[in-house]
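The sequence and structure are shown first.

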Amino acid sequence: MSEQTRKDAVTVASDYPYVIEMCHITKEFPGIIANDDITLQLRRGEIHALLGENGAGKSTLMSVLFGLYQPEKGEIKKDGKVVSIKDPNDANALGIGMVHQHFKLVDVFTVLDNIILGVEPNTMGFLKKKQAREKVLKLSETYGLGVDPDALVENITVGMQQRTEILKMLYRDNEILIFDEPTAVLTPQEIDELMGVMRGLAAEGKSILFITHKLNEIMAVADRCTVLRKGKYIGTVNVAQTTKEELSNMMVGRDVKFVVDKEPAQPGETVLQINNLSVKGGAGKKDAVHNVSLNVREGEIVCIAGIDGNGQTEFVHALTGLVKTSGGSIRLLGEDITKKSIRYRNTHGMSHIPEDRHKHGLVLDYTLEQNMVLQRYFESQFQKGGFIRFEEVRTYTDDLIERFDVRSGQGAVTTSRSMSGGNQQKAIVAREMDREHKLLVAVQPTRGLDVGAIEYIHKQIVGSRDRGTAVLLVSLELDEVMSLSDRILVMYEGEIVGELDPKATTVQELGLYMAGAKRREGKEAE
Amino acid sequence: MKNRIKAFFAKEGTKSVLSSLLCIAAGIFVGWLVLLALALFSDKIPVSHAFKGLGIILAGPFASGGSKNIAFVLGDMLFEAAPLMLTGLSVAIAFKTGLFNIGAPGQYLMGAMSSVIVALAIPTTPATAFWVWLLALLVGMISGMLWGMIPGFFKAFLGVNEVIVCIMTNWIAANVVSWVFYNNKQFINAAGGKSAYTLPTTANGVSTPKLGLDKLFPGSNIDIGIFIAIAIAILIFILLNKTTLGYELKACGHNKNAAKYAGMNEKRNIVLSMALAGGLAALGASLYFLNGGAELAWNTYGKLPDTGFNGIPVALLASNNPLGVIFGSGFLRYIDKGGYNLAGFTAYNEYVSDLIIAVIIYFAGFSKLIKDLLSRRKAAKAEKADVAIKADDATQAGKEEDGK
């Protein structure tokens with residue numbers, strides 16, 4: 001950009017309301033229109049939410065804005081002038097910056113080093129950090145970020161790491177800030193702080209595009225909201241004049257219930273009985289799980305609540321056989337399975353929706369049908385004499401796809417990797433629900449999913465309970481814990497510190513237990 | 001129509017074949033550049049030989065001069081393709097399970113030694129010779145399986161990288177073979193004052209059946225080994241794609257965490273996969289040395305057999321597809337013969353022809369890279385974004401693991 005055009009842009013900017021406009025963007029991929037005539041106008045100094053389910057076209061639209069894709073139709077305007085963005089460098093030159101969902105930071109570098117990475121101020125190759133430091137401190141102060149530039153990234157909290165990412169954008173003088181699902185990794189308190197930071201940025205004239213599918217956050221912080229559904233533009237609304245229900249209706253195309261419909265639990269026989277279960281922590285650390293005892297009866301949903309990293313993962317891994325226990329016993333339907341193999345547990349009544357669908361839940365390079373029989377391929381239904389019965393697998397998969405509404409490009413033969421996160425999770429849920437089971441262990445079953453999929457999975461879990469399954473749910477989402485469970489157990493530092501009745505407790509009280517500020521009577525005496 | 005062509009080029013198989021062909025073309029081109037450069041800078045080699053040389057390499061065994069010679073070279077090419085096919089399969093099946101079997105040379109040596117000893121040690125009559133041959137073949141294969149299981153055990157139960165153990169077992173095998181034959185001179189061919197080779201197995205009347213193939217390719221060493229190798233390639237293809245065992249092995253290779261979650265015994269699968277790989281490599285050696293025309297240079301402590309290592313480019317060229325291995329090994333042997341003829345019919349010496357062959361093989365190793373490039377071009381930047389996200393996921397997962 002020459003000096004003259006830059007000046008032009010600035011003069012136009014003062015009276016032109018939109019800082020970035022994406023007009024009638026259409027982007028097609030073989031067999032699918034990812035963006036169909038989408039228009040998004042970002043005003044100067046506003047927080048504009050971009051709302052849509054997984055696979056609605058949000059990512060594609062952002063990739064177009066960053067020059068990763070060239071749209072078939074449509075144009076992008078900066079301050080009213082058509083610009084051409086061929087790659088991310090063009091986008092950066094226009095002042096567009098992004099805070100990614102997963103941070104791009106060097107752990108062993110300081111905050112300052114991370115911020116200047118790639119644009120290091122130097123003379124003749126020698127770093128000149130002093131200037132940069134001052135600029136960072138000034139920015140940090142202006143926007144109330146409170147970041148210590150000399151701290152190592154590995155030593156600061158996730159929230160602070162995110163602020164480092166924000167500072168990276170500000171340091172590069174970006175005007176347009178895109179936040180991609182920024183709250184997914186934050187604790188409730190950090191989310192509140194982030195909202196404050198975003199408001200501050202907008203007040204200073206930065207324009208923010210906020211990609212999310214969490215309606216509460218949009219209601220709390222956004223000025224306007226553009227909704228996409230299945231690649232189509234649904235509309236742009238003023239947040240002040242809309243409701244959560246209207247937004248979710250626009251997003252999903254139907255009314256969504258936020259409250260889980262369920263009858264009171266009618267617990268029966270004990271299905272899972274755990275006594276004094278312990279799991280070793282790392283070398284020199286205390287037990288990751290310590291003396292946990294609990295039981296789950298048929299027809300009830302017992303939820304283990306807690307802040308991430310308090311032993312839930314290790315507990316579930318011990319329960320499902322992925323790691324060894326160091327003490328205690330696990331009884332399933334009265335039988336001691338503490339030392340049994342994973343396969344034994346799988347075939348004797350345990351279903352497991354794992355926490356990490358990519359790491360444990362699916363073989364991503366396998367097709368959907370191959371994944372559907374991951375624990376069952378050896379059963380006589382699916383093999384004969386060691387040869388897989390492919391027609392049976394196909395029939396079975398097609399049936400599951402139909403019944404559980406799993407959507408994918410090419411049906412049963414779709415590579416799992418190419419499916420959207422929501423549908424990958426649906427596939428796992430379908431697989432685990434359909435296997436013969438008496439106990440369902442569901443770990444963060446709705447992590448990263450949109451409201452439609454969450455509603456669906458909750459319905460499935462409640463349905464399973466009503467058919468007499470014992471459900472052990474592990475969740476970090478307080479809303480989910482409160483609405484879905486029949487009993488709540490709170491885990492803190494590897495121990496069960498409280499048992500609560502969701503109908504008789506409040507989120508605040510639950511929060512106190514989760515933070516370790518409160519413990520149930522009797523434990524304190526220890 | 002256009003869409004059909006598009007769909008054809010979007011297929012994984014098409015991409016694999018295309019990338020392999022591109023690699024071969026690139027390797028031949030660079031090899032030719034070397035020929036040209038040598039001709040330009042050497043006054044002993046006329047420039048015209050660079051062009052002639054290219055023709056000879058491309059013609060492979062067919063440039064051997066005279067139909068008699070062509071038949072003989074062609075027969076040997078097929079004979080030598082069999083062991084390479086099997087070491088290629090060995091590397092490919094390990095790759096499918098997520099393991100890098102660089103131990104094929106060692107497994108190959110163990111197979112060679114065991115087969116030669118069995119074939120020479122058991123006295124035969126014409127009636128029992130076939131059964132001794134079969135026994136020698138099986139013992140060779142089994143010794144390779146056991147040898148391959150060693151890195152498998154270390155990997156599965158102690159978490160030691162299989163590449164390290166494979167390299168160590170390669171050299172252990174090389175020394176074991178030398179040591180065994182040094183102490184068992186009865187197997188050494190002392191005729192004519194030379195003692196570098198073992199006796200041919202025909203000394204005991206044992207050799208792989210030829211079924212008249214030697215009449216088809218007179219003068220060559222060809223036997224039914226090539227058919228056995230092709231049959232085994234097809235069997236491995238079926239094993240990997242149609243059976244529950246193949247399903248398990250591939251699941252472990254793609255994602256061992258998910259395999260564990262699903263209740264598969266991933267430790268057993270690692271050992272099993274390495275055993276299969278070892279057995280295949282050893283079988284290649286057994287077929288080669290039980291021919292009767294080939295003699296084992298037993299003093300191996302300083303050198304590992306090329307056929308073992310060349311299984312790696314064969315597997316890469318074939319994108320680890322067992323059926324592709326048939327063609328990959330065939331191609332390598334074809335170009336080998338071209339190199340041999342290059343030294344025979346032009347001013348280039350055999351070192352240059354070895355160099356050219358090495359260049360072509362080296363390029364064969366890039367087929368995975370080319371395939372990725374092809375995929376990337378197709379899905380353009382979609383892939384890139386996707387890859388970035390996946391990388392994010394991976395680092396995220398890594399972080400979580402570190403946290404624990």
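## Chain A

Of the 526 residues in chain A, 44% are buried, a residue being buried if 20 or more other C-beta atoms lie within 10 Å of its own, exposed if 12 or fewer, and partly exposed in between, with C-beta atoms placed from the backbone. The model is predicted: local features need pLDDT of at least 70, side-chain atom pairs count only at pLDDT 80 or more, and totals for chains, interfaces and linings use all residues. Residues are numbered from 1 along each chain as its sequence is written, while chains are lettered from A and ligands numbered from 1 in the order in which they are written.

Chain A contains 18 helices and 24 strands; helices (H or I, at least four residues) and strands (E, at least two) are DSSP runs, numbered from the N terminus. Its radius of gyration is 25 Å, close to the 24 Å that the globule rule gives for 526 residues, so chain A is as compact as a globular protein of that length. The radius is taken over C-alpha atoms, and the rule is 2.2 Å times the number of residues to the power 0.38. The C-alpha trace of chain A spans about 80 × 60 × 50 Å along its principal axes.

## Chain B

Chain B has 17 helices and 0 strands. With a radius of gyration of 23 Å, close to the 22 Å given by the globule rule for 404 residues, chain B is as compact as a globular protein of that length. Its C-alpha trace spans about 65 × 55 × 40 Å along the principal axes, and buried residues make up 50% of the 404 residues.

## Interface

Across the interface, 25 residues of chain B are in contact with 31 residues of chain A, where contact requires that two C-beta atoms, placed from the backbone, lie within 7 Å. On the chain B side, the elements giving two or more residues are helix H10 (244-254), helix H11 (256-261) and helix H17 (380-403). The largest share, 10 residues, comes from H17(B). By class, this side of chain B has 9 nonpolar, 9 polar and 7 charged residues; Ala, Val, Leu, Ile, Met, Phe, Trp, Tyr, Cys and Pro count as nonpolar, Asp, Glu, Lys and Arg as charged, and the others, Gly among them, as polar.

## Packing within chain B

Helix H5 (residues 104-121) and helix H12 (residues 266-289) of chain B pack at an angle of about 45°, with their axes 7 Å apart. Axes are lines fitted to C-alpha atoms, for helices over the stretch in contact, and angles run from 0 to 180 degrees between N-to-C directions. The residues making the contact include Ala104(B) of H5(B) and Ala281(B) of H12(B). They divide into 11 nonpolar, 6 polar and no charged.

Both Ala104(B) and Ala281(B) also touch Gly311(B), which is placed in helix H13 (residues 306-317) of chain B. Gly311(B) is buried, with 35 other C-beta atoms within 10 Å. Gly311(B) and Ile102(B) are 209 residues apart in sequence and 8.9 Å apart in space, C-alpha to C-alpha.

## Positive phi in chain A

Asp37(A), in strand S2 (residues 32-43), has a positive phi of about 55° although it is not a glycine. Asp37(A) is partly exposed, with 14 other C-beta atoms within 10 Å.

Asp405(A) likewise has a positive phi of about 55° without being a glycine. Asp405(A) lies in the loop between helix H14 (390-404) and helix H15 (421-434) of chain A, and counts as exposed with 12 C-beta neighbours inside 10 Å.

Notes: Lists of a residue's contacts leave out its neighbours within four places in sequence.
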